[in-house]
Amino acid sequence: MKIVKFILCLLFGLTFINAGLNKFFNYMPTPQLTETQQKFFEAFMQITWLMPLVATIEILGGLLFIIPKTRALGAIVILPVMVGILIHHSVIDPSGLAMALVLFVINLWIIIDNYRKYRVLIS
């Protein structure tokens, strides 16, 4: 089980590192966007600091998620981005909802698995 957990966390972390690096270097092709998606992304691009911030959080969260000692912190750092991804795919682009749900479940699993580390924050 420990090996499965490490492999899932490695893939999860690499997914977010890749997504964050793509926001900086634009090396992956962009799929054809619907009119709603174009408006959505144009609004995001108007806020010039938002995408670099999201990219930095994705890279940092992905790196923290890969390292077992910092995995609990990485799960919390990446959670707001993951919620945004889940809402985006639920409302605007349902085609990616399955992958978003899988990533969200992995993130929740790691948060629940590390619950004892968070108890200090809420007690």
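Here is a quick briefing on the fold, the core and a few individual residues of this protein.

The model is predicted, so local features need pLDDT of at least 70 and side-chain atom pairs count only at pLDDT 80 or more, while totals for chains, interfaces and linings use all residues. Residues are numbered from 1 along each chain as its sequence is written, and side-chain values use heavy atoms, with hydrogens and water left out. In short, the protein has 6 helices and 0 strands, and its largest nonpolar core has 19 residues.

**Overall fold**

- Reading from the N terminus, the elements go α-α-α-α-α-α; helices (H or I, at least four residues) and strands (E, at least two) are DSSP runs, numbered from the N terminus.
- A compact globule with 123 residues would have a radius of gyration near 14 Å, and the 15 Å of the protein agrees with that. The radius is taken over C-alpha atoms, and the globule rule is 2.2 Å times the number of residues to the power 0.38.
- Along the principal axes, the C-alpha atoms fill a box of roughly 45 × 30 × 25 Å.
- Take the contacts with a separation of 6 or more: 67% of them are between residues 24 or more positions apart. Contact here means heavy atoms within 4.5 Å.

**Surface and charge**

- Of the 123 residues, 33% count as buried. The cut-offs are under 20% relative accessible area for buried, over 50% for exposed, and partly exposed in between (1.4 Å probe, protein chains only).

**The nonpolar core**

- F12, F16, F65, A75 and M82 have the most contacts inside the largest core. The elements giving it two or more residues are α1 (2-25), α3 (50-66), α4 (71-91) and α5 (97-113).
- A nonpolar core is a set of buried Ala, Val, Leu, Ile, Met, Phe, Trp, Tyr and Cys residues joined through side-chain atoms within 4.5 Å.
- Setting aside neighbours within four places in sequence, M82 is in contact with F12, F16, A100, L103, F104 and N107.

- V4 sits in helix α1 and counts as partly exposed at 45% relative accessibility. V4 and Y118 are 114 residues apart along the chain, with 23 Å between their C-alpha atoms.
- L21 is also in helix α1, and its relative accessible area of 30% makes it partly exposed.
- Beyond its neighbours within four places in sequence, L21 is in contact with N26, Y27 and I59. L21 and I59 are 38 residues apart in sequence but 7.1 Å apart in space, C-alpha to C-alpha.
- N26 belongs to the loop between α1 and α2 (35-46), where it is exposed at 60% relative accessible area. The phi of N26 is near 45°, a positive value in a residue other than glycine.
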